[in-house]
Amino acid sequence: MAYLEGTNLVAAYGVVPILHECSVEVEKGELAVIVGPNGAGKSTVMRVLLGMLEATAGEVKLDGQDISMLSTQERISLGLAFVPQNKNVFPSMTVEENLEMGGFLRLDDINKTIEEVYSLFPILYEKRKQLAEELSGGQRQQVAFGRAMMTQPSVMLLDEPTAGVSPIVMDEIFSNILDVRNAGMAVLMVEQNAQQALNIADKGYVLVSGRNEHTGTGSELINDPEVRKKFLGG
Amino acid sequence: MSDSIDIINAFALMTNFVILPALSYGSQLALGALAVTLVYSILRFSNFAQGDSMAFGTMIVILLTGFMIGKGWTITGIPTALLVIPIAVIGTSIYMLTMDRLVYRHYRRIKVKQNIVGITASIGVMFITGGIVRFILGASPQRFEDGERFIFSVREFKAFTGLEQGIALKTSQFLTITIAILLVAFLFYFLQKTKTGKAMRAYSDNTELALLSGIDPDKVVQITWLLVAALTTIAGALYGLDKGFAPQQYHLLLLPIFASVIVGGIGSPLGAIAGAFLVSFSEVLLTYAYKKFLIYLLPLSMHPNSLVQLIGTEYKYAISFVILVTVLLIRPTGLLKGKVIVGD
């Protein structure tokens, strides 16, 4: 039994079915990646895990406890954190305020966690008084990441963290993600850059039309000729 | 009246008839405009019920003032209305929270995102609120100012300075400007520095991310209504102390308030304040008769025969309307960078 499990998830947007019995799971200290073509339901999996979209069937378990009926806020307070793909910062608030808002639910002193975020992303310390909207794409991504870390989560869900950033920044973000995993968090991410993501992943899911098409370790999937041909461009 | 050029008396005249009235009117508009800005930023609709809500708050102030005076519970020199404002704010808060529960919450729950739905709902609330006020107080104008009318009167000012033109500072003007400054300072402190205020800004900035950060949307909405009720009641009470209360007059205040919000840049609190003073000074400057002012400043041969009034006071609402239309045509985001109102 893994730390976070989504089992046989079925979900739809209105009458349009998106997920058909899709399952994902991730262990603490593990990086799992969901790849697949556009419209495969990759982001929908995350929304269901977070309770932002109600699943019509299937269940979500965190550390063995069924959390399927809990609200998003309750799941957040249990240790799930999410970095959305778009609109993942508070643009007209400063970097520091963004981090403070991330720790909104916490009643203890959050300054120590803010220091930790700054030591992970030194550039954010320099720009802490600047508005998030004034930052570059990569820096904004770091703010988004830092905001999510403020709840001291045990599971980090990332929706296309490298969308729209340069290759150099992408490497930087991936190395940040590995740092987080090595610190013992469970990390589940959806990625467009399938090749690079699978390279660093412990586990990969290839999703097609809302179904698990292939599952395996990162290197297994990369070396699978069918996966290579269909999803990694040969 | 002297026939030489007299700048000091001209300035005194301007202060008495333009600057002080425009400053206090602008302060009243600013408080109303801040209430509209808060509703727009957090609840995402333009609140057409603002003017009538101000009438509602003022109604409670008037009723309580009457009660207090009847009991003889007054303090010499201080308008009784000032003493009852805190209770009136509570009353208006309860009314607004009830309206939110009965009307607006439904549209939030079904996740209607369009401004137009909120606007339509608020027009309904506007008619209901206006109806309640007319039902309870009647439609005729009334005054509820008691206590000392002037901080200093024209006669006292003339005796003190020896000038031909006097300046009077009405108690209501003094209170309006002072209270507006204190209230705005509190509001900005609250939004910038407190955890709850920051949560409101976060909710306004990016609602989904606010939810993901564990910010409780119901609480944000409730606190917003409490702040809006305070701003609305105080703005209404101050306007009423200054110019008297009439339901129709308050209803029409919607136009200059919306003009202020849009001129300043919708969603921007600083813009709303700047817009309010722009509108108030435009209204007062354009409807003022400059004859006497020019007589002080011009040599005898050039003295005007007419009133030199650019626009009649009966057209003062047209000024707000022209400002509104001009800004929407030329710079829809307003003077300070605000949002363009589209149905997002």
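Among contacts in chain B between residues at least 6 apart in sequence, what percentage join residues at least 24 apart? The share is 76%, where a contact requires C-beta atoms, placed from the backbone, to lie within 7 Å. The structure is a predicted model, in which local features need pLDDT of at least 70 and side-chain atom pairs count only at pLDDT 80 or more, whereas totals for chains, interfaces and linings use all residues. Residues are numbered from 1 along each chain as its sequence is written, and chains are lettered from A and ligands numbered from 1 in the order in which they are written.

Chain B contains 14 helices and two strands, these elements being DSSP runs numbered from the N terminus (helices, H or I, at least four residues; strands, E, at least two). The radius of gyration of chain B is 22 Å, close to the 20 Å given by the globule rule for 344 residues, so the chain is as compact as a globular protein of that length; the radius is taken over C-alpha atoms, and the rule is 2.2 Å times the number of residues to the power 0.38. Of the 344 residues in chain B, 44% are buried (20 or more other C-beta atoms within 10 Å of the residue's own, with C-beta atoms placed from the backbone).

Within helix α1 of chain B (residues 7–43) lies B:L38, which counts as buried because it has 25 C-beta neighbours inside 10 Å. Residues up to four places away in sequence aside, B:L38 touches B:T224, B:L227 and B:V228. Helix α7 of chain B (residues 195–205) is mostly covered, with eight of its eleven residues buried, among them B:M200 and B:Y203. The buried residues of α7(B) pack against α1, α6 (171–193), α8 (207–212) and α9 (217–243) of chain B, together with α3 of chain A.

The contact between the chains takes 18 residues from chain A and 13 residues from chain B. On the side of chain A that touches chain B, α2 (72–77) and α3 (95–102) of chain A are the elements that give two or more residues.

In chain A, six strands form an open sheet of mixed pairing, in the order β6-β7-β8-β3-β9-β10; strands pair if DSSP finds at least two bridges between them. The edge strands, β6 (80–83) and β10 (211–216) of chain A, each pair on one side only. Strands β6(A) and β7(A) (residues 155–159) run parallel and are joined by four bridges, and A:V83 has A:L158 as its bridge partner in β7(A).

Definitions and conventions: Buried ≥ 20, exposed ≤ 12 C-beta atoms within 10 Å, placed from the backbone. Contact = placed C-beta atoms within 7 Å.
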